Amino acid sequence: MSLTGTPLFAAALALTACAVLLPLTVWSKVRGPVAARLGARALMVVFAQVTAVALVFVAVNREMNFYASWGDLLGTGKYVTAAPDLGPDGLGGKQAAEVRAEPKVIQEFQPVEGLGGRVKKTELDGKISGVKGDVLVWLPPQYDEPAFKDKKFPVVELIPGIPGTGKSWFQGLKAHEVLEPLMKSGKVQPFILVSPRAMLLGNADTGCANIPGKVNADSWFSVDVRKMVADNFRVSQEARTWGVAGYSAGAYCAAKLAINHPDRYGAAVSLSGYNDPGQEPSSLVAQDPELRRTHNLKHLLKTAAAPPAVSLWMSGAEQDGYLSGTDLKAVAQAPTTVHAEKVTGGHNLDSWSKQLPQTFDWLSRTVKAP
């Protein structure tokens, strides 16, 4: 039974109704010793509470898609097939041109239930990263128009928080619903939106890092997914035509990917992000003090061989992303640019969804069309 499907929701609803009706019908009819009667009534109360909590969880998860499957929820999903040391650039000793020249990764895409026909999903076997996972792709309305048949489109890679799935950006933030009318009206340039699986090792946060022997999350996002998109759609692999955006733990990842790979991304949007990976309790990177230090965004900017030619948008409430942005801005040197935007609203999907028009207006002026 699917974790996000209608049968499970209907079952949870039915059990909750039974849990409410049961005490009303049998509470006064329980017989036996006092201890037995008290025990039976206590069980009915516990049953009602458990089913109510389960119903709320199922309903919220159906709406927000924090967990796409039982494997995600229980941490039993298997998405890492190998995790060799791929070197500092994450290419495993290959040159970027060699990776681009390898045989095309042609994928089959299927519509995603509940998201309309333009959001499609594929299962990608990452040859460089050793990650196997789902990738969701949304094509802008102009993509299939005759006037654009020979045009290449810019891309924004979307990274969810933890917990979260690629579907979270579309079902939770409703990114395509917010942006489609803006693209049709010309207020935002038409982007291809790509949201890959981010939960690769149970419920742990990989920090979008390559950790030999554990996971090559960086190479999954910045190499395998990029190549797959370039092999299947009308896009360029030039960094200036690619952006990356994330919220919460995904915001940290988005900014880090851009800082580490200015040859792959020209801009990043960080919604309620942070600089120190230790701010995410489930972070694998933060478990090692040295990794935590070297994966801090301020450290990455300070120690880069040359300031990366990337633009960063970092927004959030004062203690929830904004101060991280001002701290990063203070150490950034040209050509790196950092915009820190203070916003109201909490650490939630609704707040981040409301920021999409502003952030994609900025991306329209920052990420270049091919």
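How many aromatic pairs does the count come to? In this predicted model, the count comes to 10 aromatic pairs when ring centres are required to lie within 6.5 Å. The pair formed by W169 and Y247 has ring centres 5.6 Å apart and planes at 55°, and is therefore classed as tilted, since edge-to-face pairs require planes over 60 degrees apart. Because W169 belongs to helix 5 (residues 166-172) and Y247 to strand 8 (residues 242-247), this pair ties together parts that are 78 residues apart in sequence. Both partners fall under the 20% limit for buried residues, with a relative accessibility of 1% for W169 and of 3% for Y247.

Strand 8 also contributes W242 to a pair with Y265, a residue of the loop between helix 8 (249-260) and strand 9 (267-271), so that parts 23 residues apart in sequence are tied together. W242 and Y265 are both buried.

Elsewhere, ring pairs join F109, Y143, F148, F153 and F233 into a cluster. Charged side chains are placed over two rings that belong to this cluster. The charged end of K151 sits over the ring of F153, at 6.0 Å from the centre of that ring, whereas R234 lies over the face of Y143, with a distance of 4.0 Å to the ring centre.

Conventions. Residues are numbered from 1 along each chain as its sequence is written. This is a predicted model: local features need pLDDT of at least 70, side-chain atom pairs count only at pLDDT 80 or more; totals for chains, interfaces and linings use all residues. Side-chain values use heavy atoms; hydrogens and water are left out. Rings of Phe, Tyr and Trp (its six-membered ring) pair if their centres lie within 6.5 Å; planes under 30 degrees apart count as stacked, over 60 as edge-to-face and the rest as tilted. Helices (H or I, at least four residues) and strands (E, at least two) are DSSP runs, numbered from the N terminus. Buried means under 20% relative accessible area, exposed over 50%, partly exposed in between (1.4 Å probe, protein chains only). A charge sits over a ring if NZ of Lys or CZ of Arg is within 6 Å of the ring centre and within 35 degrees of the ring normal.
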